[in-house]
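Here is a note on a structure for you to read beside the model. Please keep the sequence and the 3D view open as you go through the points.

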Amino acid sequence: MEPLRLILLYAHLIGFALLLGGAVTQYMSKHIRINSAMVWGATIQVVTGIALAAPLRGGGDAEPAPAKLIVKAVIGIAIFAMAFFSRKREVVNKGHFMALVGLTLVNAAVAVFWK
Ligand code: HEM
């Protein structure tokens, strides 16, 4: 993999750590809200994910399936919207919070298991 793509993948994994780590830490504090680590993580995931999706691997089997990228983009943008537009709320609905965490886990599973 070229250095630029490796750097983007590294940033993509740090974004995942901020999003999921921020959410788990917040959940364990028993004060259910969207913290800034989650908003930063969700933002980084969409920006680095779209950059990683550029078809610069030489084409053919080296490229991820377009359907996989569309599913990841739709879920990633949904997560971003759910984090960004609730970021100022002192408390969010537990269902909203758990859906955000669930979609994060689903997107990581799509990344890893859909080859
Ligand atoms: C919360 C949202 C997201 C999570 C948790 C997530 C998770 C991951 C993980 C764990 C990997 C590493 C998989 C591996 O190297 O085998 C990965 C890679 C990747 N992700 Fe995401 N992702 C998210 C959002 C997105 C978005 C919005 C896109 C844009 C379509 C995207 C596109 C990609 C691409 C293209 C790769 C492969 C990089 C490569 O190996 O060249 N991701 N993602």
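Predicted model: local features only at pLDDT ≥ 70, side-chain atom pairs only at ≥ 80, totals over all residues.

The points below go from the overall fold to the core, then to the ligand and the database record.

1. Fold. The protein has four helices and zero strands. Read from the N terminus, the order of elements is α-α-α-α. The helices are H1 (3-28), H2 (36-52), H3 (66-84) and H4 (94-113).

2. Overall size. Along the principal axes, the C-alpha atoms fill a box of roughly 45 × 25 × 20 Å. How does the radius of gyration compare with that of a compact globule? For 115 residues such a globule would have a value near 13 Å, and the protein has 15 Å, which agrees.

3. Burial and contacts. Of the 115 residues in the protein, 20% are buried. Among contacts between residues at least 6 apart in sequence, 73% join residues at least 24 apart.

4. The nonpolar core. The largest nonpolar core has 13 residues, and those that touch the most other members are Leu19, Met38, Ala42, Ile79, Ala83 and Leu100. H1, H2, H3 and H4 each give two or more residues to this core. Which helix supplies the largest share of this core? That is H3, with four residues.

5. Apart from its neighbours within four places in sequence, Ile79 is in contact with Ala42, Leu100, Leu103 and Thr104. Two of these partners, Ala42 and Leu100, are also listed among the core residues that touch the most other members.

6. The ligand. There are 22 residues around the ligand, and Gln45, Gly49, Leu52, Gly76 and Ala111 come nearest. Where in the chain does this shell come from? Helices H1, H2, H3 and H4 each supply at least two of its residues. By class, the shell has 14 nonpolar, six polar and two charged residues.

7. The database record. An unreviewed UniProt entry lists residues 6-25, 37-57, 69-85 and 97-114 under "transmembrane region". Two of these ranges can be set against the model. Residues 37-57 are 76% helix and 0% strand, with end C-alpha atoms 31 Å apart. Residues 97-114 are 94% helix and 0% strand, and here the end C-alpha atoms are 25 Å apart.

Technical notes
Residues numbered from 1 in each chain as written. Rg over C-alpha atoms; globule rule 2.2 N^0.38 Å. Buried ≥ 20, exposed ≤ 12 C-beta atoms within 10 Å, placed from the backbone. Contact = placed C-beta atoms within 7 Å. Near = placed C-beta within 6 Å. Nonpolar A, V, L, I, M, F, W, Y, C, P; charged D, E, K, R; others polar. UniProt positions renumbered as here; feature names shortened; annotations may be inferred. Core = buried A, V, L, I, M, F, W, Y, C linked by C-beta atoms within 7 Å.
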